[in-house]
Amino acid sequence: MTRIRRGHQVYQQVCASCHSMSLISYRDLVGVAYTEEETKAMAAEIEVVDGPNDEGEMFTRPGKLSDRFPQPYANEQAARYANGGAYPPRPQSNHKGETG
């Protein structure tokens, strides 16, 4: 459990500014690296675009356990622009034996 927690901390502090873990939900960390309460608090720190509401408008809300990790860039073009034309791969696709 401590290794996974440390890996997540390194990702947040170093990797998250460029790389996405958008295939992982906050709930995936419950019982593996953090308690449910810790994970709920972590998820609540992000703003999620949701909707539409009854008026057809999109809105933002605090994150919840079922939300996925946010992407560092709005789209691929923004990611390439910020990284000198290179598109940062997802960390999951960097593992030996996986293609991505």
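Guide: Let us start with Ser25. Setting aside neighbours within four places in sequence, Ser25 is in contact with Leu65, Ser66, Asp67, Arg68 and Phe69. Keep in mind that this is a predicted model.

Visitor: What makes these residues contacts of Ser25?

Guide: Contact means heavy atoms within 4.5 Å. Leu65, Ser66, Asp67, Arg68 and Phe69 meet that test with Ser25. Ser25 itself is found in the loop between helix 1 and helix 2.

Visitor: Why is Ser25 called buried?

Guide: Buried means under 20% relative accessible area. Ser25 has 6%, so Ser25 is buried.

Visitor: Phe69 was on that list of contacts. What makes Phe69 and Tyr11 an aromatic pair, and why is the pair called edge-to-face?

Guide: Two rings pair if their centres lie within 6.5 Å. For Tyr11 and Phe69 the value is 6.4 Å, centre to centre. Planes over 60 degrees apart count as edge-to-face. Here the angle between the planes is 90°, and the pair is edge-to-face.

Visitor: Where do the two partners, Tyr11 and Phe69, lie in the chain?

Guide: Tyr11 is in helix 1, and Phe69 is in the loop between strand 2 (59–62) and helix 3 (76–82). They are 58 residues apart, and the pair links distant parts of the chain. Both Tyr11 and Phe69 are buried.

Visitor: Why is the pair of Tyr26 and Phe69 called stacked?

Guide: Planes under 30 degrees apart count as stacked. Tyr26 and Phe69 have 20° between their planes, with 4.5 Å centre to centre. That makes the pair stacked.

Visitor: What does the pair of Tyr26 and Phe69 tie together?

Guide: Tyr26 lies in the loop between helix 1 and helix 2, and Phe69 in the loop between strand 2 and helix 3, so the pair ties together parts 43 residues apart in sequence.

Visitor: How do you know that Tyr26 is buried? And what about Phe69?

Guide: The cut-off is under 20% relative accessible area. Tyr26 has 4%, so Tyr26 is buried. Phe69 has 6%, so Phe69 is buried too.

Visitor: How many aromatic pairs does the structure hold? Which residues form the aromatic cluster?

Guide: There are two aromatic pairs. Tyr11, Tyr26 and Phe69 form one aromatic cluster.

Visitor: Which residues of helix 2 are buried? How do you know that they line one face of the helix?

Guide: In helix 2 (residues 36–44), the buried residues are Thr39, Met42 and Ala43. Seen down the helix axis, they fall within an arc of 95°, so they line one face of helix 2. These buried residues pack against helix 1 (2–15).

Visitor: Why is Thr60 called exposed?

Guide: Exposed means over 50% relative accessible area. Thr60 has 51%, so Thr60 is exposed. Thr60 is found in strand 2. Not counting residues up to four places away in sequence, Thr60 touches Glu47, Val48 and Val49.

Visitor: Why is Ala82 called partly exposed?

Guide: Partly exposed covers what is in between buried, under 20%, and exposed, over 50%. Ala82 has 46% relative accessibility, so Ala82 counts as partly exposed. Ala82 lies in helix 3.

Visitor: And why is Gln9 called partly exposed?

Guide: Gln9 has 28% relative accessibility, so Gln9 counts as partly exposed. Gln9 lies in helix 1. From Gln9 to Gly51 it is 30 Å, C-alpha to C-alpha, and 42 residues in sequence.

Visitor: What kind of peptide bond joins Gly51 and Pro52?

Guide: A cis peptide bond, with omega at about 5°. Most peptide bonds are trans. Pro52 lies in the loop between strand 1 (47–50) and strand 2.

Visitor: Now the whole protein. How many helices and strands are there, and what pattern do they follow?

Guide: There are three helices and two strands. Along the sequence the pattern is α-α-β-β-α.

Visitor: How many residues does the protein have, and what share counts as buried?

Guide: The protein has 100 residues, and 25% of them count as buried. The accessible surface comes to about 7100 Å², and 51% of it belongs to carbon and sulfur atoms. The C-alpha atoms fill a box of roughly 45 × 35 × 25 Å along the principal axes.

Conventions:
Residues are numbered from 1 along each chain as its sequence is written. This is a predicted model: local features need pLDDT of at least 70, side-chain atom pairs count only at pLDDT 80 or more; totals for chains, interfaces and linings use all residues. Side-chain values use heavy atoms; hydrogens and water are left out. Buried means under 20% relative accessible area, exposed over 50%, partly exposed in between (1.4 Å probe, protein chains only). Helices (H or I, at least four residues) and strands (E, at least two) are DSSP runs, numbered from the N terminus. The arc is that of the directions from the helix axis to the C-beta atoms. Accessible areas come from the Shrake-Rupley method with a 1.4 Å probe; for residues, only the protein chains shown count as cover. Rings of Phe, Tyr and Trp (its six-membered ring) pair if their centres lie within 6.5 Å; planes under 30 degrees apart count as stacked, over 60 as edge-to-face and the rest as tilted.
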